[in-house]
Amino acid sequence: MSCYSDNTTATEKYHQDVRRKKFIFAGLITITFLLGIYAISKGAYQLSIRHVIEGIVGTSEGNSHLVVWNIRMPRIVAAVISGWGLALSGLIIQSLLRNPLGSPSTLGISQGAAFGAVVGIIIFDLGGIGASAALSEFSLISKFGRFASIPMFAFVGAMVATWVILLLAKLRKLSPEAIILAGVALSSLFNSGTVLIQYFASETQIASALFWTFGDVARSNWSEIGLMALIIVIASIWVTFHRWNLNALLSGEEAAKGLGVSVDSLRVQGMVIAAVVSAVITSFHGVIAFVGLLAPHIAKRVVGSDHRLVIPFTCAVGGSLLLLADTTGRLLIGSGNLPVGILTSFMGAPMFLYLLMRGFKR
Amino acid sequence: MMFSVEGIEFSYNSHHVVNNVGFKLDKGLILGILGVNGAGKSTLLKCLNRVIVPHKGSVMLNNEEILTMKGAEIAKRMAYMPQRYFEESLTVFDAVLLGRKPHIKWAASDNDFKIVEKVLKTMNLDSFALRAVNSLSGGEMQKVIIARALAQEPQVLLLDEPTSNLDLRNQFEVMSIVRKIVKEHKLSAVVSIHDLNLAFRFADLFLMMKHHKVYNFVHKNEVTPEMIQDVYGIEVLLADVEGSMVVVPKI
């Protein structure tokens, strides 16, 4: 940093550095926004940029308005907020467990949520396909009433995985690699549970449940997107509120306690929030792997570990990454409806291996 | 007596780790805690600012009970430097700014930045301000940790083995800084330390621990070879080398 003159104080240099990072952040938001506009215009029904803008503001009637608001926009918004939420939940997990390999999908939390969702769909017949059965008085849904919904089941599944990970992290003080191994074990347990339930299900139920195992952002409607967005915004506010505490935790648990952080309650609250966020996204969109792992790492590469900056960066990187993946899958590959979960797994696995090979510092 | 500790007890699985430990410490003095590995030195330090919660005892600072305060209130009065630190790619500036955390409600104020600026100058760290902490050497790192503690503006410093990973020169540099700060700002410091020669050079008082209890609590000038022998189980000579007290094992 030789560009600074000698008489600038450390504080001035620091503020310059923060400004530079905020500028990069503004750039990232702009790119995401432009990518969103591009994604709206492309597809089976091509729209010009003028049509897109008219479609968004609603000055045009007919097809472009319909395509923009009912087909393209929900998918794009769903991709952005899912990426945002998964990235945020990955960041929370990585920071609270002090584990660079933590994320909803590497720790089995997403798989737990998917298992819960499948239990809801098949055993409690909550899927759209079994609608007639769900409405019958013999169905278990009448006992659960309105409270039994797939997100609730997904949440319970996610929480089971979260408690196991928390217990292992707390009681046995496992290393990051060992925690990931526990995550692998949990994932495979949940996956086999899912398969077991499917074995006893009817063909239509299997079809409905299998549908969940592909992570896809194209299947939620505006009210579902609204629910996800609400939960993710609340989670983002919580994390922002605790940004100093998370910074303190970077130095280790004892140092954080010495700075007055109640580490244990922070960890429980944060892990529950991360589980809720990944459960709600998984219950609507299925398992979308690796975004939650990679987005925080990309953000940390750019801005360092300071949570005041890395929280918004992670959310923006996650949102744009998933939008990019979904748009790529939609426009370049196959029928134009490739579920994004397949693509993120293909992209994510090599990057995960790269992280492991490069070695990670705590 | 500004800092007074009484009857601290901590047990783990019904096994006493710290058993009825107490001492009193004036402003401007450094207390060295001596004892073999596992004597309970680190645990005692952690009990003093409730990093772990002692089962019994009281810690009074200026006639206020520390152990019943909120975490942030304790951290405004006492800075704790643990043995082990993990640092990710925080800048030195951010790492020191973290010392202001107990004082910060929502965002860092101009005053917080001023204090960080001043501390960085005192510790000769201002040219490092934007370096990532994980790129620093052990000695530089320890200085950042001390700078953070100073940014807390505490009245008591608790240091757990501050020199254990440092070379000879850095050991002296770090301890000299601590001593200078304690004398200038009239703080009290409690330091657990294994290197007896370093301890005799920089501490004013000693609390010797044996079997999780206080063996004795003495001034530097009152230390005898017999005490060291009793605490460490090894015969020693105490010699004066150009004004410094030096311990030499008799083996």
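1. In this predicted model, β6(B) pairs with strand β7 (residues 156–160) of chain B in the parallel sense, over 4 bridges. Within that pairing, Y80(B) stands opposite L158(B) in β7(B). Helix α8 (residues 225–232) of chain B packs on the sheet and touches β3, β9 and β10 of chain B. The direction of α8 makes about 35° with that of β9(B).

2. The sheet in question is open and has 6 strands, in the order β6-β7-β8-β3-β9-β10 of chain B, with mixed pairing. At its edges stand β6 (78–81) and β10 of chain B; each has a single partner strand, so one side of each is left without a neighbour in the sheet. From one strand to the next the twist averages 15°.

3. Further along the strand order, β3 (residues 30–34) and β9 (residues 205–210) of chain B run parallel and are joined by 4 bridges. Here L31(B) is the residue opposite L205(B) in β9(B). The next pairing, between β9(B) and strand β10 (residues 213–219) of chain B, is antiparallel and has 6 bridges. M208(B) has N216(B) in β10(B) as its bridge partner. β9(B) and β10(B) make a hairpin with 2 residues between them, and H211(B) in the turn has a positive phi of about 50°.

4. Chain B also contains an open sheet of 4 strands, with antiparallel pairing and the order β2-β1-β4-β5. Its edge strands are β2 (15–25) and β5 (64–65) of chain B, each of which pairs on one side only. Strand β1 (residues 3–12) of chain B is joined to strand β4 (residues 56–61) of chain B by 5 bridges, and the two run antiparallel. In this pairing E9(B) stands opposite K56(B) in β4(B).

5. Two loop residues of chain B deserve a backbone check. N62(B), in the loop between β4 and β5 of chain B, has a phi near 50°, a positive value in a residue other than glycine. N62(B) counts as exposed because 12 other C-beta atoms lie within 10 Å, and the exposed class takes 12 or fewer. E161(B), in the loop between β7 and α6 (168–185) of chain B, likewise is not a glycine and has a positive phi of about 50°. E161(B) has 18 other C-beta atoms within 10 Å and is therefore partly exposed.

6. Chain A has 16 helices and 0 strands. Of its 362 residues, 50% are buried. Among contacts in chain A between residues at least 6 apart in sequence, 76% join residues at least 24 apart.

7. The largest nonpolar core has 91 residues, and those with the most contacts inside it include A87(A), A117(A), V277(A) and V291(A). Helix α3 (residues 63–96) of chain A gives the most to this core, with 16 residues. Leaving aside neighbours within four places in sequence, A117(A) is in contact with I150(A), F153(A), A154(A), W212(A), T282(A) and S283(A). Another core, of 88 residues, lies apart from the largest one; among its members are L250(A), I30(B), A75(B) and L125(B).

8. Helix α15 of chain A has 26 residues and reaches 36 Å from its first C-alpha to its last, close to the 38 Å expected at 1.5 Å a residue. The helix is mostly covered, with 21 of its 26 residues buried. In the loop between α15 (307–332) and α16 (340–358) of chain A is N337(A). N337(A) counts as exposed because it has 12 C-beta neighbours inside 10 Å. N337(A) and T11(A) are 326 residues apart in sequence and 51 Å apart in space, C-alpha to C-alpha.

9. The contact between the chains takes 28 residues from chain A and 30 residues from chain B. On the side of chain A that touches chain B, α1 (10–41), α11 (243–249) and α12 (253–258) of chain A each supply at least two residues. The most comes from α1(A), with 5 residues. By class, this side of chain A has 9 nonpolar, 10 polar and 9 charged residues.

Conventions: Residues are numbered from 1 along each chain as its sequence is written. Chains are lettered from A and ligands numbered from 1 in the order in which they are written. This is a predicted model: local features need pLDDT of at least 70, side-chain atom pairs count only at pLDDT 80 or more; totals for chains, interfaces and linings use all residues. Two residues are in contact if their C-beta atoms, placed from the backbone, lie within 7 Å. Ala, Val, Leu, Ile, Met, Phe, Trp, Tyr, Cys and Pro count as nonpolar, Asp, Glu, Lys and Arg as charged, and the others, Gly among them, as polar. Two strands pair if DSSP finds at least two bridges between them. Axes are lines fitted to C-alpha atoms, for helices over the stretch in contact, and angles run from 0 to 180 degrees between N-to-C directions. A residue is buried if 20 or more other C-beta atoms lie within 10 Å of its own, exposed if 12 or fewer, and partly exposed in between; C-beta atoms are placed from the backbone. A nonpolar core is a set of buried Ala, Val, Leu, Ile, Met, Phe, Trp, Tyr and Cys residues joined through C-beta atoms within 7 Å. The expected span of a helix is 1.5 Å times one less than its number of residues.
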